[in-house]
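This briefing goes through a single protein chain by topic. Please view the sequence and the structure together before reading the points below.

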Amino acid sequence: MVAPTVTPQIHLAEEGGVLVLREGPSPIPVKETQSKVLIIGGGVTGLTNAWALLDAGYAVTVVSDQWASFENRITSQIAGALWEWPPAVCGRHTDIISLNLSKGWCMTSYDVLEKLQKILPAEAHGVRMRTANFFFDRPIEENEEEYSKMREIAAAKVCRASFIWPADLWTDLISICANQIQGFEHDPTLVKKHEISRTAAVVDAYKHISPVIDTDVYMLWLRALVGAKGGKFVTRHISGDLLEHEDELLEEYEADILINCTGLGAYDLAQDKTVHPLRGALIRIVNDGSRFPVVKEALIVAYDQDKRDEDGGIVFIVPRNDRVLILGGEYRTGERGRARPDAR
């Protein structure tokens with residue numbers, strides 16, 4: 001599949017310790033004498049790192065054994081791609097440091113994606129801003145975890161400073177930053193407004209505006225953008241402990257820095273045995289109004305953890321673009337490999 005042609009009309013710049021999106025080419029040219037970076041992994045994490053580093057003036061080579069395509073989708077394309085405040089409905093963080101870092105990263109992403117869809121048409125990159133509705137099977141005040149999450153969303157800010165801080169400082173720090181998440185509203189009547197079936201047994205809800213990404217379009221656009229900025233791509237499978245092969249790889253690609261962006265591949269490449277898969281399943285259907293009214297807003301039901309069944313216990317309905325609706329979902333920890341198309 002041929003990637004789209006992209007002109008670098010945008011760039012990422014660091015301001016106050018946070019990446020922000022700006023129009024026009026990067027004012028920092030990539031120089032052959034600049035430090036060179038080798039990135040292992042061609043998914044969304046690897047290509048996003050490549051984009052940021054190229055705009056900072058680094059020369060970048062990305063090595064991956066597979067790239068985004070319609071013929072054989074990679075993990076980054078299969079993701080539901082609805083922006084959520086951590087922890088997302090399909091999983092739970094158990095590490096406080098990881099959770100707080102995720103909150104900082106997600107706010108940076110919100111800011112960048114929101115500006116991207118203003119600067120360039122959605123058809124080019126696949127990013128759209130949609131209303132996301134979250135439903136609950138009891139008053140949210142009775143669920144300490146979800147209530148705390150909702151309060152953070154209501155007060156969430158994007159800060160022009162480092163997001164690495166202890167959990168108990170989060171509430172104090174967000175009060176000194178600029179408002180960011182749009183359209184937040186806690187409203188139980190959303191259940192009735194959206195005609196949610198009584199069998200769902202939901203009684204409370206809130207909503208806000210979220211970026212929704214058509215991942216097929218976005219991943220092709222992102223790779224084309226990295227290429228247009230001067231990034232190099234090498235199709236190759238890397239195996240074994242990277243620590244044992246680091247010097248060899250750096251010498252081979254004439255690089256000074258190596259970054260591992262392989263996701264689940266870190267189990268082998270970084271010998272990190274704490275990494276484990278979280279497999280989900282989604283269904284794509286046509287959302288053109290011919291069989292049911294066009295769905296324009298995301299609808300998510302997250303039942304309490306103790307009520308979830310072996311399939312995950314979540315309802316995930318997201319209009320990915322103007323014609324495709326994503327339905328889910330399930331999540332299974334520890335499951336490797338893809339689910340069979342006919343699997344229940």
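Is Ile213 buried or exposed? Ile213 is buried, at a relative accessible area of 15%; buried means under 20% relative accessible area, exposed over 50%, and partly exposed in between, with a 1.4 Å probe and protein chains only. The model is predicted, so local features need pLDDT of at least 70 and side-chain atom pairs count only at pLDDT 80 or more, while totals for chains, interfaces and linings use all residues. Residues are numbered from 1 along each chain as its sequence is written, and side-chain values use heavy atoms, with hydrogens and water left out.

**The chain as a whole**

- The chain has ten helices and 15 strands, where helices (H or I, at least four residues) and strands (E, at least two) are DSSP runs numbered from the N terminus.
- Of its 344 residues, 45% count as buried.
- Among contacts in the chain with a separation of 6 or more, 69% come from residues 24 or more positions apart; contact means heavy atoms within 4.5 Å.

**Ile213 and its surroundings**

- Ile213 has its place in strand S9.
- Leaving out residues up to four places away in sequence, Ile213 touches Gly80, Ala81, Leu113, Gly126, Val127, Tyr218 and Arg320.
- Between Ile213 and Met129 there are 8.7 Å in space, C-alpha to C-alpha, and 84 residues in sequence.

**Helix H1**

- Helix H1 covers residues 44-55, twelve residues in total, and reaches 17 Å from its first C-alpha to its last.
- That span is close to the 16 Å expected at 1.5 Å a residue, the expected value being 1.5 Å times one less than the number of residues.
- The buried residues of H1 are Gly46, Leu47, Ala50, Trp51, Ala52, Leu53, Leu54 and Asp55.
- An α-helix has 3.6 residues a turn, so residues three or four places apart point the same way.
- Gly57 follows H1 and has a positive phi, near 100 degrees.

**Packing of H1 against H8**

- H1 and helix H8 (residues 215-228) pack at an angle of about 35 degrees, and their axes are 9 Å apart. Axes are lines fitted to C-alpha atoms, for helices over the stretch in contact, and angles run from 0 to 180 degrees between N-to-C directions.
- On the H1 side the contact is made by Val44, Leu47, Thr48, Ala50, Trp51 and Leu54; on the H8 side it is made by Tyr218, Met219, Trp221, Leu222, Arg223, Leu225 and Val226.
- The residues of this contact divide into eleven nonpolar, one polar and one charged. Ala, Val, Leu, Ile, Met, Phe, Trp, Tyr, Cys and Pro count as nonpolar, Asp, Glu, Lys and Arg as charged, and the others, Gly among them, as polar.
- Tyr218 of H8, which takes part in the contact with H1, is also touched by Ile213.

**Backbone exceptions**

- Most residues other than glycine have a negative phi, and most peptide bonds are trans.
- Pro86 and Pro87 are joined by a cis peptide bond, with omega about 0 degrees. Pro87 lies in the loop between helix H2 (75-78) and helix H3 (96-119).
- Glu195 is not a glycine, yet its phi is positive, near 55 degrees. Glu195 sits in the loop between helix H7 (190-193) and strand S9 (204-213) and is exposed, with a relative accessible area of 70%.
- Gln271, also not a glycine, has a positive phi of about 55 degrees. Gln271 is in the loop between helix H10 (266-269) and strand S12 (278-286) and counts as partly exposed at 40% relative accessibility.

- Val202 lies in the loop between H7 and S9 and is buried, with a relative accessible area of 10%.
- Not counting residues up to four places away in sequence, Val202 touches Phe135, Phe136, Asp137, Val191, Ile196 and Val301.
- Val202 and Arg138 are 64 residues apart in sequence, and their C-alpha atoms are 6.6 Å apart in space.
- Val315, in strand S14 (residues 314-319), is partly exposed, with a relative accessible area of 30%.
- Leaving aside neighbours within four places in sequence, Val315 is in contact with Leu299, Ile300, Val301 and Gly328.
- The C-alpha atoms of Val315 and Gly329 are separated by 5.9 Å, and the two residues are 14 apart along the chain.

**Cysteines**

- The disulfide count is zero, a disulfide being a pair of cysteine sulfur atoms within 2.5 Å.
- Cys106 counts as buried at 9% relative accessibility, and Cys261 is buried with a relative accessible area of 10%.
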